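Welcome! Here is a short briefing to read alongside the sequence and the 3D view.

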Amino acid sequence: MKTGYLLAFSIASSLSLQAIPTDNELRKMVLDNGIEAFPKSQKELAALAEKSAPESKNNKSTPAKIELGKKLYFDPRLSASNLISCNTCHNLALGGVDLVPVAIGHKWAANHEHLNSPTVYNSVFNEVQFYDGRAAHLSEQAQGPMENQIEMASSRAEVERRINSIPAYVAEFKKSYGADTKVSFELIADTIGVFERTLVTPSPFDDYMNGSNSALDSKQKEGLVLFIETGCATCHGGVNLGGSMQPFNIAREYKYTSLGGFKGDKDGRVKTPTLRNIAQTPPYFHNGAIWKLTDAVKEMASVQLGIELDDVQADKITAFLHSLTGRKPKIEYPQLPDSTDETPTPTFD
């Protein structure tokens, strides 16, 4: 834990008696504490997303790949039951999550570690994927749920059979990747990852950092100062305000630690969730045990920083977090290609 947090808390406690920094001073404070904003233009933002996807070096985004990836993202036939798609747990109409405490998969099975579905929005900017950081990028992450027997409950071979049995899909893969393309499980996951690169959401916070002083109100600016002064930016930094592996239970034990029994990676570290769109993605924490955002803020301050925020402070930080609710890309639900007589039928075993 950083030294000086208790001093920082003392400073934060008396903010009501102090002048809020000027906008230029506050922007400098943000940058000095390792928080970055999205670039102002959509073109620059798309380029940043492409650059942030390590797999893009060997698989550049194109309109054809993005459209194909979108269809695959919404296609429940990638699951054994024909009922579960990527969008089931990462619903693009619900902040990229499912709004339930624990992810529910095949035959209504709950995740065995009571893990909550993280948002897919802006996930391209995470340093790693999954709570234990076991996937390096989106394409690798996309493979996991399809094969997981309590999620989509399929297999590599079955996914390949289903997609290759649909001529319209095969034609789209050849259009996207070349006439000699073999539609493999890995390429299916890679293409879903290409689509997911587009799910970025610039927010009022970014507008503020890019020069619009009125993009945040005074309460949100006070909350941003508190967010920094109390040490929240230590873990929630970078362009995604999260997404890296960090130690958990630093100062005190999370009060719902026993729920699900998740321990993180081999070093006890957990992927820090992005705070972008956090106001839209309850419940909170890896096991979805807390529903109210102000309560989550207080619990994080206690567990990670060893400080107790009062209601006013938590409310101000929460106001700032609302400024991270971003503008979503327009997603038109795709019409999926028809199954054929050769398409394997669903199973519910």
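## A first look

This is a predicted model, in which local features need pLDDT of at least 70 and side-chain atom pairs count only at pLDDT 80 or more, while totals for chains, interfaces and linings use all residues. Residues are numbered from 1 along each chain as its sequence is written, and side-chain values use heavy atoms, with hydrogens and water left out.

**Confidence**

- The protein chain has an average pLDDT of 95, and 95% of the residues score at least 70; pLDDT is the predictor's confidence in each residue, from 0 to 100.
- Over residues 1–17 pLDDT stays under 50, and the model has 26 contacts beyond four places in sequence for them. A contact means heavy atoms within 4.5 Å.

- Helices (H or I, at least four residues) and strands (E, at least two) are DSSP runs, numbered from the N terminus. Buried means under 20% relative accessible area, exposed means over 50%, and partly exposed lies in between (1.4 Å probe, protein chains only).
- In helix α2 (residues 23–32), the buried residues are Asp23, Leu26, Arg27, Met29 and Val30. Seen down the axis of α2, these residues fall within an arc of 155°, so they line one face of the helix; the arc is that of the directions from the helix axis to the C-beta atoms.
- Turned away from that buried side of α2 are the exposed residues Asn24, Lys28, Leu31 and Asp32.
- The cover over the buried residues of α2 includes α10 (204–209) and α11 (218–229). Just after α2 comes Gly34, with a positive phi of about 80°.
- Helix α8 (residues 167–177) has Tyr169, Val170, Glu172, Phe173 and Ser176 buried. Their arc around the axis is only 160°, which puts them on the same side of α8.
- Pro167 and Lys175 are exposed on the face of α8 turned away from its buried side.
- Among the elements covering the buried residues of α8 are α4 (63–74), α7 (156–164) and α9 (185–196).

**Nonpolar cores**

- A nonpolar core is a set of buried Ala, Val, Leu, Ile, Met, Phe, Trp, Tyr and Cys residues joined through side-chain atoms within 4.5 Å.
- The largest such core has 35 residues, of which Ile35, Phe205, Leu224, Phe227, Leu241, Phe320 and Leu321 touch the most other members. At least two residues of this core come from each of α2, α10, α11, α12 and α13 (311–322), and α12 gives the most, with six.
- Leaving out residues up to four places away in sequence, Leu321 touches Phe227, Leu275, Ile278, Leu293 and Val297.
- A second, separate core of 26 residues includes Tyr73, Cys86, Val159 and Ile192.

**Aromatic pairs**

- Rings of Phe, Tyr and Trp (its six-membered ring) pair if their centres lie within 6.5 Å; planes under 30 degrees apart count as stacked, over 60 as edge-to-face and the rest as tilted. The structure holds 12 aromatic pairs.
- Phe74 and Tyr333 form a tilted pair, at 4.7 Å centre to centre with 55° between the planes. This pair links distant parts of the chain, since Phe74 is in helix α4 and Tyr333 in the segment after α13, 259 residues apart.
- Phe74 is buried, with a relative accessible area of 5%, whereas Tyr333 counts as exposed at 54% relative accessibility.
- Ring pairs join Tyr73, Phe74, Phe195 and Tyr333 into a cluster.

**Cysteines and backbone details**

- The structure holds zero disulfides; a disulfide is a pair of cysteine sulfur atoms within 2.5 Å. For Cys86, the nearest cysteine sulfur is that of Cys89, 9.3 Å away.
- The peptide bond from Pro282 to Pro283 is cis, with omega near -5°. Pro283 sits in the loop between β2 (269–271) and α12 (293–305).
- Lys107 has a positive phi of about 55° although it is not a glycine, and Asn122 likewise has a positive phi, of about 65°.
- Lys107 is in the loop between α5 (86–89) and α6 (138–147), and Asn122 is also found in the loop between α5 and α6. Lys107 counts as exposed at 57% relative accessibility, while Asn122 counts as buried at 0%.
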